[in-house]
Amino acid sequence: DSYFTRMRKHVYVTPKSFLCLIDFYKSLYTIKYEQINLQERSVNVGLQKLKEASEFVEKLKVQLKEQEVVLKAEEKKTMALLDKVMIEKGKADKKAEVVNGQKADCQGEADKINAEK
């Protein structure tokens with residue numbers, strides 16, 4: 001009716017034009033179906049990659065927990081060694097003070113001897 005009011009022509013659907021419409025619909029349906037299948041495959045591949053990544057992350061979490069235990073043990077060893085080194089350094093500093101004191105005394109005596117010569 002709107003076509004008739006604008007163009008002043010009647011539109012008739014003939015069997016041939018109807019068959020052409022059906023052929024066009026079939027070809028359009030095939031194209032759209034292939035596009036949707038392509039998108040579906042892309043989504044499925046993406047979901048598979050996400051699943052694999054999730055499984056990999058879970059494996060890494062387990063490894064991380066195992067490494068944390070080893071790390072804590074090594075950290076305790078390192079702290080004990082650091083404490084031992086600090087104690088030894090304190091002893092070495094005290095000994096260095098004594099040696100420096102003796103060195104100063106010896107230097108004083110050497111200066112005194114050189115002055116007497």
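**Exercise 1: Cysteines**

At 44% relative accessibility, Cys20 counts as partly exposed, where buried means under 20% relative accessible area, exposed over 50%, and partly exposed in between (1.4 Å probe, protein chains only). The model is predicted: local features need pLDDT of at least 70, side-chain atom pairs count only at pLDDT 80 or more, and totals for chains, interfaces and linings use all residues. Residues are numbered from 1 along each chain as its sequence is written, and side-chain values use heavy atoms, with hydrogens and water left out.

Task: State how many disulfides the rule gives.

Solution. Step 1: A disulfide is a covalent bond between the sulfur atoms of two cysteines. Step 2: The rule requires a pair of cysteine sulfur atoms within 2.5 Å. Step 3: By this rule the count is 0 disulfides. Step 4: Cys106 is exposed, at a relative accessible area of 52%.

**Exercise 2: Aromatic rings**

Solution. Step 1: Rings of Phe, Tyr and Trp (its six-membered ring) pair if their centres lie within 6.5 Å; planes under 30 degrees apart count as stacked, over 60 as edge-to-face and the rest as tilted. Step 2: The whole structure holds 2 aromatic pairs. Step 4: Tyr29 is partly exposed at 49%, and Tyr33 is partly exposed at 47%. Step 5: Tyr25, Tyr29 and Tyr33 form one aromatic cluster.

**Exercise 3: Salt bridges**

Task: Describe the salt bridge between Glu58 and Lys61.

Solution. Step 1: A salt bridge is a side-chain nitrogen of Lys or Arg within 4 Å of a carboxyl oxygen of Asp or Glu. Step 2: The structure holds 4 salt bridges. In the one between Glu58 and Lys61, the closest N and O atoms are 3.8 Å apart. Step 3: Both residues, Glu58 and Lys61, lie in helix H2, 3 residues apart, about one turn of the helix. Step 4: Glu58 is partly exposed at 43% relative accessibility, and Lys61 is partly exposed at 45%.

Methods
Helix = DSSP H or I, 4+ residues; strand = E, 2+ residues; numbered from the N terminus.
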